[in-house]
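Subject: Structure handover

Hello,

Please find the structure below, followed by notes on what was found in it.

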Amino acid sequence: LGDAASHYELSVMYNRGEGVEKDLKKEARHLKEAAIAGNPSARHNLGCAECENVRFDRAVKHWIIAANLGYDKSMIFLKHSYSQGLVSKEDFESALRAHQAAVDATKSPQREAAAEIDRMRR
């Protein structure tokens with residue numbers, strides 16, 4: 001079981017007790033595996049867990065990694081952390097540039113056309 005998406009989904013299932021007995025240790029294990037394998041949602045959630053445990057420096061590191069992968073929610077959290085003085089200007093600017101590069105890398109005419117069709121259907 002080395003698939004990032006599978007580990008992430010298992011972490012969600014263990015967190016919620018959906019289809020399995022709720023187990024926060026197993027949730028954490030699968031969340032870490034998913035993050036290591038490159039899942040930005042998992043990386044962001046690890047940051048949230050560190051923040052809940054008042055380990056802001058570790059939380060920020062996770063959010064920077066997720067932002068570098070193009071995860072918008074982590075960029076929002078970093079912006080807030082920057083305004084609270086928890087992130088240096090250099091780290092925030094670097095994360096912002098990397099986030100934008102990751103977002104730009106996912107753009108294509110086909111994706112933009114699909115997004116336009118999706119907007120028209122709403």
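The term salt bridge stands here for a side-chain nitrogen of Lys or Arg within 4 Å of a carboxyl oxygen of Asp or Glu. E50 is buried, at a relative accessible area of 9%, while R58 is partly exposed at 43%. Buried is used for under 20% relative accessible area, exposed for over 50%, and partly exposed for what lies in between (1.4 Å probe, protein chains only). R55 belongs with this pair: E50, R55 and R58 are linked in a network of salt bridges.

Some notes on the basis of the values. This is a predicted model, in which local features need pLDDT of at least 70 and side-chain atom pairs count only at pLDDT 80 or more, while totals for chains, interfaces and linings use all residues. Residues are numbered from 1 along each chain as its sequence is written, and side-chain values use heavy atoms, with hydrogens and water left out.

Overall layout

The chain has seven helices and zero strands, and along the sequence its pattern reads α-α-α-α-α-α-α. Helices (H or I, at least four residues) and strands (E, at least two) are DSSP runs, numbered from the N terminus. The C-alpha trace spans about 45 × 40 × 25 Å along its principal axes. Of the 122 residues in the chain, 30% are buried.

S11 is in helix α1 and is buried, with a relative accessible area of 2%. S11 and L31 are 20 residues apart in sequence, and their C-alpha atoms are 5.4 Å apart. F92 is found in helix α6 and is also buried, at 14% relative accessibility.

The largest pocket

Which residues are closest to the centre of the largest pocket? The pocket has a volume of about 480 Å³. Of the 22 residues that line it, E27, L31, N45, L46 and A49 are the closest to its centre. Four helices, α1 (4-16), α2 (24-36), α3 (40-52) and α4 (56-68), each supply at least two residues of the lining. Helix α3 gives the most, with seven residues.

A pocket is defined on a 1 Å grid over the protein atoms alone, as an open set of points with protein on both sides within 12 Å along at least five of seven lines; a cavity is a set of points where a 1.4 Å probe fits but cannot get out, and lining residues have an atom within 4 Å of a point. Grid points are joined across faces, edges and corners, and the volume is the space filled by probe spheres set on the points.

Other salt bridges

A search of the whole structure finds five salt bridges. One of them joins R16 and E18, whose closest N and O atoms are 3.9 Å apart. R16 is exposed, at 55% relative accessible area, and E18 is partly exposed at 41%. Another is formed by D104 and K107, at 3.6 Å between the closest N and O atoms. D104 is partly exposed, with a relative accessible area of 38%.

Cysteines

How many disulfides are there? The count is zero, a disulfide being a pair of cysteine sulfur atoms within 2.5 Å. The sulfur of C48 has its closest cysteine sulfur in C51, 7.0 Å away, so the two are too far apart for a bond. C51 is partly exposed, at 28% relative accessibility.

V54, F56 and L86 make a nonpolar surface patch of about 270 Å². Patches are made of residues with over 30% relative accessible area and no salt bridge, with like charges joined within 9 Å and nonpolar side chains (Val, Leu, Ile, Met, Phe, Trp, Tyr) within 5 Å. Accessible areas come from the Shrake-Rupley method with a 1.4 Å probe, and for residues only the protein chains shown count as cover.

L86 lies in the loop between α5 (72-83) and α6 (89-105) and is partly exposed, at 42%. V54 is in the loop between α3 and α4 and is exposed, at 58% relative accessibility. The phi of V54 is near 60 degrees, a positive value in a residue other than glycine. Most residues other than glycine have a negative phi.

Regards
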